[in-house]
Amino acid sequence: MSHTLPAPSADPPSAPAPADIDVIDVPDPAVASISHLEINFPRRGRLIRAVRGVSLSVAPGEILGLVGESGSGKSVLGMSLLGLLPTDAATAGRVTVHGEDMLRAPAPVRRRVRRDHLGAVFQDPMTSLNPTMRIGQQVAEAAGSDEEAARLLRAVGIPDAGRRMRSFPHELSGGLRQRVMIAMAVAGRPSLVIADEPTTALDVTIQAQILTLLRGLRDETGCSFLLITHDLAVAAQVSDRIAVMYAGRLAELGPTAAVLQDAAHPYSLGLMRLRLSLQSDRTRPLPSLRGEVPSPVAPPPGCAFAPRCDAVTEACVVRPPELVEIVPGHRSACLVPVEEVRARLADEPVDEPVDEPGAQAQPQAPAVAVRDVSKTFTIRRGLGRARRLAALRGVDLTVGQGESVAIVGESGSGKSTLLRAIAGLERPEQGGTGLARDAAQMVFQDAGASLTPWLTVGELIGERLRGQGYSRSARTERVTAALAQVGLPAEVAGARAGQLSGGQRQRVALARATVIPPQVLLCDEPTSALDVSLAASVINLIARLRKDLGMAVVFVTHDLAVARIVADRIAVMYLGRIVEVGTADEVVRAPRHPYTRALMGAVPDFGVEPVTLPGEPASPLAPPPGCAFHPRCPIAMPICADPDLVPRLAGHAGHSLAACIHPEVN
């Protein structure tokens with residue numbers, strides 16, 4: 001059980017807390033309420049101040065979106081509601097679920113509350129599901145019987161639920177695994193489900209399905225959801241209210257429409273500006289918040305957002321502001337009047353325009369030439385016979401010198417395999433890539449996992465300079481210059497990857513890849529796990545490096561909004577084949593292939609209902625005959641399932657090429 005803090009927070013309140021702060025704008029009885037919560041963790045002789053004086057409540061049947069960057073305390077807040085804080089956590093305040101204090105109640109009481117009233121869905125279901133147990137057994141443990149388990153799996157939209165119950169977690173796609181977690185979370189008909197980043201690692205099509213599922217379960221069962229996310233657009237899709245959290249404190253709280261249309265806190269306004277949509281301006285660098293979330297070891301004495309705020313005043317750095325009601329039900333923790341905040345932030349300087357990606361002259365020679373590449377993998381399951389997984393099936397792609405091409409598609413479409421084949425890390429059985437192995441460098445999604453943890457940053461970057469004729473002093477100079485090129489100070493060279501933030505680690509990975517400028521930079525989902533501000537900074541950085549170094553870029557992503565910003569051309573992949581390719585504007589403005597249209601409709605945006613694509617991508621172990629997309633296609637014809645059909649890319653001048661035989665498309 002957590003320890004009780006001996007004294008209140010060191011942050012003195014600016015005014016006495018309102019008497020009803022425990023149930024802010026929520027009628028009694030609340031499903032859960034948090035009152036003046038503080039959570040500290042001792043780490044290596046230092047105190048991590050994760051949550052600092054938060055008061056919040058969740059109403060019956062409500063979906064409350066909790067939004068903020070990594071390090072803001074969102075997940076710790078969710079764990080406090082579940083009564084799962086580490087034993088060394090020091091706490092103050094109250095966290096009440098169905099009348100029980102989840103901070104100080106005995107462990108058996110907290111277990112009973114979790115069993116009877118709470119459910120949880122986490123970001124990575126593979127860390128929560130038992131890899132040695134079949135799906136049906138795991139859901140039945142929570143549901144009480146196999147019959148109820150099958151009903152729940154059908155309720156969360158898992159096709160052929162009876163057969164899927166016999167599957168192990170690794171045999172399911174990411175979307176299906178997340179649905180299993182949701183089925184287990186609602187098995188006991190809980191009053192409240194804590195969903196911690198349940199869609200962050202998912203493709204946009206599966207994300208749209210999961211969000212629609214959460215809202216449907218709320219409407220059907222009446223349970224409440226606390227949806228934790230760093231994406232304001234995701235929260236906007238399903239939330240009744242939104243709470244914006246920053247550096248362990250609440251910055252803004254109110255109805256979803258009010259927070260989106262009339263945001264009052266500078267941080268909320270900043271998140272609004274950062275949102276990336278299919279209408280974002282491609283001719284200018286993406287807006288980003290300068291700096292980073294302050295260290296929870298030493299948060300600023302005043303408003304934690306003050307160092308990054310364009311509306312800061314002298315009073316902001318003295319004391320932390322409390323939530324103040326702007327209009328009934330809508331509160332903001334800002335000392336500056338809301339009208340002044342909006343006026344000052346509206347007058348921000350506009351960045352100079354950059355060359356629009358699609359406006360550059362056509363390159364004369366290819367940097368990458370992929371010709372009829374096919375790649376299969378052998379999959380063995382215990383003592384059973386081996387099966388062949390078709391990752392790439394006759395892929396053709398050309399990338400010109402200095403050109404940027406984005407490869408888009410769901411998980412399992414073959415995007416990363418294609419990138420690894422271009423890099424020479426995979427040898428195709430058929431076709432070739434036409435690229436010298438040393439001409440390409442890769443940047444991965446998880447920079448922390450790709451950087452050797454026991455080497456300093458200077459040693460990591462300097463490795464690429466060995467054998468190039470540089471003296472030790474010359475290597476040091478090149479490392480410093482490479483760090484400066486990605487916006488990092490020279491002192492970072494002495495740090496190790498574990499001492500850096502996520503954004504800094506991604507910049508180090510880019511510095512390592514470009515310290516000797518490659519002919520082609522291969523980027524495998526480098527922004528999908530980052531907060532919106534860090535993602536915008538990395539995208540801007542890649543664009544600048546591409547321009548300064550004259551290199552080509554192949555950028556793998558599952559998000560068409562990101563692809564439109566970073567690329568001259570977009571190639572859309574589905575089950576090992578390219579189904580559409582064209583300029584970024586052509587593909588986004590007038591998508592031709594039904595799959596591309598489905599990806600477009602699934603991109604989250606404010607005030608737009610996401611289009612859910614039916615079903616899951618077919619397994620590459622057994623691709624459907626003919627056009628692999630036909631089982632999910634709204635305009636499929638009988639001939640689309642013909643085993644002898646192999647759709648080829650075709651089109652007309654001024655339009656993208658699409659691999660579809662339907663008269664509506666071609």
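Buried means under 20% relative accessible area, exposed means over 50%, and partly exposed is in between (1.4 Å probe, protein chains only). Keep those cut-offs at hand for this tour.

This is a predicted model, where local features need pLDDT of at least 70 and side-chain atom pairs count only at pLDDT 80 or more, while totals for chains, interfaces and linings use all residues. Residues are numbered from 1 along each chain as its sequence is written, and side-chain values use heavy atoms, with hydrogens and water left out.

**Stop 1**

Select E148 and R151 to begin. E148 is partly exposed, with a relative accessible area of 22%, and R151 is partly exposed too, at 33%. The two form a salt bridge, with their closest N and O atoms 2.8 Å apart. Here a salt bridge is a side-chain nitrogen of Lys or Arg within 4 Å of a carboxyl oxygen of Asp or Glu. Side chains of opposite charge can pair when their charged atoms come close. Both residues sit in helix α4 (residues 146-155), and because they are three residues apart there, about one helical turn separates them. Helices (H or I, at least four residues) and strands (E, at least two) are DSSP runs, numbered from the N terminus.

**Stop 2: a pair across the sequence**

The structure holds 24 salt bridges. For another one, select E69 and R308, whose side chains meet at 3.0 Å, N to O. E69 lies in the loop between β4 and α1 (74-82), and R308 in the loop between α10 and β12, so this pair ties together parts that are 239 residues apart in sequence. Are these two residues buried or exposed? E69 is buried, with a relative accessible area of 4%, and R308 is buried, also with 4%.

**Stop 3: strand β4**

Now color strand β4 (residues 63-67) and pick out G65 within it. At 0% relative accessibility, G65 counts as buried.

**Stop 4**

Select α10 (266-274). Why is α10 described as largely enclosed by the rest of the structure? Eight of its nine residues are buried, so the rest of the structure largely encloses it. The buried residues are P266, Y267, S268, L269, G270, L271, M272 and L274.

Next, move to V317, in the loop between α10 and β12 (324-327). V317 is partly exposed, with a relative accessible area of 46%. Show V312 and V318 as well: with V317 they make a nonpolar surface patch of about 240 Å². Patches are made of residues with over 30% relative accessible area and no salt bridge, with like charges joined within 9 Å and nonpolar side chains (Val, Leu, Ile, Met, Phe, Trp, Tyr) within 5 Å. Accessible areas come from the Shrake-Rupley method with a 1.4 Å probe, and for residues only the protein chains shown count as cover.

**Stop 5: two helices side by side on screen**

Show helix α16 (residues 502-514) and helix α17 (residues 532-549), whose axes come within 10 Å and cross at roughly 15°. Axes are lines fitted to C-alpha atoms, for helices over the stretch in contact, and angles run from 0 to 180 degrees between N-to-C directions. α16 and α17 are therefore roughly parallel to each other, a label for angles under 35 degrees.

Stay with helix α17 and find R546. D568 forms a salt bridge with R546, the closest N and O atoms being 2.6 Å apart. The pair links distant parts of the chain, 22 residues apart, with D568 in the loop between α18 (560-566) and β21 and R546 in helix α17. Both D568 and R546 are buried.

**Stop 6**

Most residues other than glycine have a negative phi. Now look at H98, which has a positive phi of about 50° although it is not a glycine. H98 lies in the loop between β5 (90-97) and β6 (100-101), and at 42% relative accessibility it counts as partly exposed.

Finish at L575, another non-glycine, with a positive phi of about 45°. Where is L575? Look in the loop between β21 (569-574) and β22 (577-583). At 3% relative accessibility, L575 counts as buried.

Technical notes
Angles under 35 degrees count as roughly parallel, over 145 as roughly antiparallel, 65 to 115 as roughly perpendicular and the rest as oblique.
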